[in-house]
Amino acid sequence: YFRENMLRSAELLDNVDYDIYDAYYVLIPSDHDSAFWQSVYDVAREEGKKKGAYVEMLGSNLSTDYSREELLKIAVASGVDGIILEADDSLPITVHLEEADAKGIPVVTVLEDNSQGIRKSFVGVSNYNLGREYGKQVLSIQDKEVKDVLVLMNAGTTDTSQNIIFSGIQETLAEQEAEGEKSDIQVRTKAVEMQGAFDAEESVRNILMEETLPDVIICLDEISTSCAYQAVVDYNMVGQIDIIGYYDSETILKAIERNVLRSTISIDTAELGRFCVEALDEYRKNGYVSEYFSVGTNLITSENVKDYLGEEEK
């Protein structure tokens with residue numbers, strides 16, 4: 001019975017069409033379930049097909065939830081042809097990057113970098129310019145006096161990217177204060193647990209239960225943006241707190257259309273996914289690649305949100 005089944009399976013497999021690839025790349029993000037990273041992966045996968053490379057988001061659709069460090073270790077041990085990694089400066093990540101380099105596996109870091117410089121290239125945005133854009137959005141608020149700005153930061157982030165964004169915000173506001181405009185704006189931070197959507201939601205709700213509410217909340221990622229939006233709706237605080245968000249999911253875009261969110265800054269996920277594959281492909285072919293690929297950003301407000309909602313529907 002077993003032999004007959006094996007023979008029948010072999011006959012069925014003979015009739016299956018296969019795609020043959022020259023390379024195997026893996027994408028390892030911090031949250032493979034987020035809409036942001038799914039969008040990046042979709043573009044990277046299609047770009048990989050054009051270049052003869054199979055791209056997989058490692059860790060998705062598994063019964064076990066592996067950490068980013070464990071997935072990186074698996075990728076290195078598997079001897080993949082290239083790794084796309086949302087990195088950080090933690091010791092386990094650095095150690096596995098050194099192992100990948102020793103085995104000749106090129107690594108491209110995306111959005112978050114590793115300061116040790118072991119990777120071959122970094123694809124992302126200028127965090128300082130991102131902070132300045134957030135600061136400009138605070139200054140654009142004309143319908144009320146802004147005194148207190150709260151920046152929500154990921155408590156689990158170990159690199160300096162969030163601090164650079166915060167510096168950009170502070171310097172932009174300080175420049176206006178020097179010119180005598182919108183002075184005395186206090187900017188503070190709050191660490192938010194991002195281990196899961198529930199943790200982030202609880203952290204944001206606790207902030208809204210404080211006696212002193214901020215005039216503006218700045219969110220640096222998709223999860224905190226969605227949680228802040230939902231919290232102000234649940235607590236009937238729409239209009240009391242202005243939220244400046246991150247990313248352009250359908251939920252976030254509809255929140256802007258309903259004037260719950262003032263604006264959001266969207267990173268071009270198509271460029272992000274495409275540049276990652278291009279960087280790996282270029283390194284494998286030539287043995288060298290540019291150390292930095294700059295990705296564009298878009299500011300979405302109530303004035304242009306319909307254009308982006310139209311794209312989401314398509």
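Predicted model: local features only at pLDDT ≥ 70, side-chain atom pairs only at ≥ 80, totals over all residues.

User: Why is the pair of Tyr 21 and Tyr 54 called tilted?

Analyst: Their ring centres are 5.4 Å apart, and the planes meet at 55 degrees. Pairing needs centres within 6.5 Å, and stacked means under 30 degrees while edge-to-face means over 60.

User: Why do Tyr 21 and Tyr 54 count as partly exposed?

Analyst: Tyr 21 has a relative accessible area of 27%, and Tyr 54 comes in at 36%. Buried would take under 20% and exposed over 50%. With 27%, Tyr 21 falls in between, so it's partly exposed. Tyr 54, at 36%, is therefore partly exposed as well.

User: And why is the pair of Phe 36 and Trp 37 edge-to-face?

Analyst: Here the ring centres are 5.2 Å apart and the planes stand at 90 degrees.

User: Which residues form one aromatic cluster with Phe 36 and Trp 37?

Analyst: Tyr 246 and Tyr 247 do.

User: What makes the span of helix 5 close to the expected one?

Analyst: Helix 5 (residues 127-139) has 13 residues and reaches 19 Å from its first C-alpha to its last. At 1.5 Å a residue, 18 Å is expected. Its buried residues include Leu 130, Arg 132, Tyr 134 and Val 138.

User: Why does Ala 255 count as buried?

Analyst: Its relative accessibility is 0%. The cut-off is under 20%, so Ala 255 is buried. Ala 255 sits in helix 9 (residues 250-257). Not counting residues up to four places away in sequence, Ala 255 touches Tyr 229, Val 260 and Leu 261.

User: What makes the phi of Asn 236 worth a remark?

Analyst: Phi of Asn 236 is near 55 degrees, a positive value in a residue other than glycine. Most residues other than glycine have a negative phi. Asn 236 lies in the loop between helix 8 (222-234) and strand 9 (242-246). Its relative accessible area is 64%, and exposed means over 50%, so Asn 236 is exposed.

User: Which other label applies to Asn 259, buried or exposed, and what is its phi?

Analyst: Asn 259 has a positive phi of about 65 degrees, although it is not a glycine. It is found in the loop between helix 9 and strand 10 (263-267). With 54% relative accessibility against a cut-off of over 50%, Asn 259 counts as exposed.

User: How many residues of the protein chain count as buried, as a percentage?

Analyst: Of its 314 residues, 47% do.

Definitions and conventions: Residues numbered from 1 in each chain as written. Heavy atoms only, no water. Buried < 20%, exposed > 50% of the residue type's maximum accessible area, 1.4 Å probe, protein only. Phe/Tyr/Trp six-rings, centres within 6.5 Å; stacked < 30°, edge-to-face > 60°. Helix = DSSP H or I, 4+ residues; strand = E, 2+ residues; numbered from the N terminus. Expected span 1.5 Å × (residues − 1). Contact = heavy atoms within 4.5 Å.
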